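Hello,

Here is the structure I said I would pass on to you.

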Amino acid sequence: MLAAIRSAAVLGIEAYDVIVEVDVAAGLPAWTIVGLASSAVKEARERVSAALTNSGFALPSRRVTVNLSPADVRKDGTAFDLPIALALLVALGALDASAISGLLVAGELGLDGSIRPIRGALSLARSAARSGVRALIVPIANAAEAGLVTQTQLASAPSLRVLVDALRSGTLPVVVPTAAPAQRHECALDFADVVGQGAAKRAFEIAAAGGHNLLMVGPPGAGKTMLARRLPGILPELTEDELLEVVAVHSVGGVLAPGAPPSRTPPFRAPHHTISTAGLIGGGSGPRPGEVSLAHRGVLFLDELLELPRHVLDAMRQPLEDGRVVIARAAQAVSYPARFQLVGAANPCPCGKYGDPAMSCQCSLADVERYRARLSGPLADRVDLHVHVGAVAIAALGAENIEERSEKMRTRVLAARIIQRERYAKIDGVRLNSEAAGRWLLARGGVTPEAKALLEQAATRLGISARGYHRALRVARTIADLDGVSAVNDGAVAEALSYRPATAATG
Ligand SMILES: Nc1ncnc2c1ncn2[C@@H]1O[C@H](COP(=O)(O)OP(=O)(O)OP(=O)(O)O)[C@@H](O)[C@H]1O
Ligand SMILES: [Mg+2]
Ligand SMILES: [Zn+2]
């Protein structure tokens with residue numbers, strides 16, 4: 001007998017309909033799974049057989065054929081276990097075909113018949129909402145995530161047995177997801193913990209307000225890592241749309257805590273410098289999104305930036321440019337969003353003490369040159385804010401300092417964001433000053449004649465490239481927005497110019 005049920009495969013962060021057909025025929029007991037299935041999918045037969053048996057369903061010795069269609073889309077993962085089990089029960093006559101009609105089903109099965117979490121549940125829910133289904137059945141651990149899409153009826157059960165019993169009685173085990181993604185989880189790290197470093201804090205506030213990439217250079221122990229970790233605390237919460245994008249990527253990447261309500265705090269990813277290109281950009285079997293995508297709509301912090309191999313750094317150029325990663329595969333190209341804010345930290349030389357009057361650098365001049373040359377690569381060219389973070393005096397650390405709290409900084413950042421939202425409301429793909437076209441800013445950005453004159457003067461005198469010119473313009477616009485003024489005056493431009501790299505190699 002033949003039975004069919006609807007499921008879905010996720011490619012990138014998009015879900016595609018997959019029909020799971022199961023045929024049971026007389027013959028020697030055997031299982032065949034066809035339809036461009038990966039080895040993880042093929043192992044479904046072991047899990048499904050054990051889960052059915054351990055849930056009290058008799059499996060007669062027959063020939064079982066599972067077909068996943070369309071056959072030209074590659075299927076990976078364990079989410080087909082549950083639809084295969086349900087279709088098999090229908091094919092065996094243990095469940096009515098009407099019980100599964102109109103459902104979209106996905107879930108992994110444990111050998112004991114428990115229903116286990118899957119990746120990409122939010123993508124499934126979005127697809128289900130678009131095409132319309134009677135209900136979407138996902139594992140309980142994925143209900144909070146799938147429940148972000150409120151248009152779809154959601155059903156779930158802890159085990160195959162409970163689910164089948166409900167379906168047999170004509171009911172759906174409906175779950176009401178704990179719909180509380182709203183709250184921002186309070187960032188425990190406060191800029192007030194960092195003593196001094198006023199210039200760096202100012203740069204972080206500008207970076208947060210305009211979405212600019214930022215690079216810190218300074219000696220060990222100056223507080224670079226401390227500063228970077230405090231950036232998410234002054235960023236605005238994710239919007240509704242951003243939240244869906246972020247959770248979709250994190251779900252596919254397998255980094256969502258099962259069952260936990262999704263957080264509105266922008267992602268903060270800080271991979272170690274030994275990370276591979278695939279780990280950073282994405283890839284591998286599957287494939288999986290990399291750190292640049294897991295940092296989508298948030299912050300990618302690369303500590304000890306210069307310890308990353310050149311080819312790994314260079315691989316980041318494309319996502320920095322396009323806000324998207326495309327991973328070429330033999331079968332089909334997979335793409336993930338990757339619109340992140342880059343924050344880098346580096347020492348000025350191999351020993352870290354170069355340029356600091358209070359410390360003596362042990363490196364040869366050639367070493368220093370070679371080290372800094374790596375900073376002037378294509379990556380540094382995409383960074384709007386370069387800041388020197390000097391060592392803090394030990395005495396200052398013990399003193400009773402009153403440093404400004406993150407909350408106050410965030411208030412100013414939010415105000416600057418509102419101004420930008422209005423300015424770019426009609427420009428597609430632009431939300432922030434860092435994303436605005438330099439020429440648009442020059443023509444429509446409120447730059448005063450004095451500010452233009454100063455920029456041009458500096459460009460000639462300091463040998464700033466056209467790209468560097470536009471970069472200074474974007475930062476100056478953000479500075480004016482933080483001040484709440486519509487005009488970009490020469491003061492804002494002068495400050496923006498101070499965030500140019502110390503190494504004159506990049507413009
Ligand atoms: N400005 C500061 N205010 C308060 N504590 C500080 C400051 N700078 C450094 N510290 C202390 O020193 C420790 C090291 O700081 P941090 O790791 O941020 O330095 P770093 O600049 O990243 O150094 P490295 O280049 O070695 O990575 C912090 O955990 C903190 O205890
Ligand atoms: Mg550090
Ligand atoms: Zn040195």
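Residues are numbered from 1 along each chain as its sequence is written, and chains are lettered from A and ligands numbered from 1 in the order in which they are written.

**Confidence**

The mean pLDDT (the predictor's confidence in each residue, from 0 to 100) is 88, and 94% of the residues reach 70 or more. Helices here are DSSP runs of H or I with at least four residues, strands are runs of E with at least two, and both are numbered from the N terminus. Over residues 503-507 pLDDT stays under 50. Where pLDDT is low, the predicted coordinates should not be read in detail.

**Overall build**

The protein has 21 helices and 18 strands, and its C-alpha atoms fill a box of roughly 85 × 50 × 45 Å along the principal axes.

The largest nonpolar core has 144 residues, and Ala85, Leu124 and Ala476 touch the most other members. Such a core is a set of buried Ala, Val, Leu, Ile, Met, Phe, Trp, Tyr and Cys residues joined through C-beta atoms within 7 Å. Helix α3 (residues 81-91) gives this core its largest share, 9 residues. Beyond four places in sequence, Ala476 is in contact (C-beta atoms, placed from the backbone, within 7 Å) with Ala451, Val488, Ala492, Val493 and Ala496.

**Domains**

An automatic or database domain assignment sets the bounds: domain 1 is 2-168, domain 2 is 191-405 and domain 3 is 436-507. The C-alpha centres of domain 2 and domain 3 are 23 Å apart, and their contact takes 16 residues from domain 2 and 15 residues from domain 3. On the domain 2 side, α8 (198-210), α15 (365-375) and β18 (385-388) each supply at least two residues, with the largest share, 5 residues, coming from α8.

**Ligand 1**

Around ligand 1 there are 16 residues, the closest being Val195, Pro220, Gly223, Lys224 and Thr225; a residue is near if its C-beta atom, placed from the backbone, lies within 6 Å. Helix α9 (residues 224-229) gives the most to this shell, 3 residues.

**Backbone points to check**

Most residues other than glycine have a negative phi, and most peptide bonds are trans. The bond from Ser69 to Pro70 is cis, with omega near 5°, and Pro70 sits in the loop between β4 (63-69) and α3. Gln197, in the loop between α7 (160-168) and α8, has a positive phi near 55°. Gln197 counts as buried because it has 24 C-beta neighbours inside 10 Å. Arg297, in the loop between α12 and β14 (299-302), also has a positive phi, near 65°. With 21 other C-beta atoms within 10 Å, Arg297 is buried as well.

Technical notes: Predicted model: local features only at pLDDT ≥ 70, side-chain atom pairs only at ≥ 80, totals over all residues. Contact = placed C-beta atoms within 7 Å. Buried ≥ 20, exposed ≤ 12 C-beta atoms within 10 Å, placed from the backbone.
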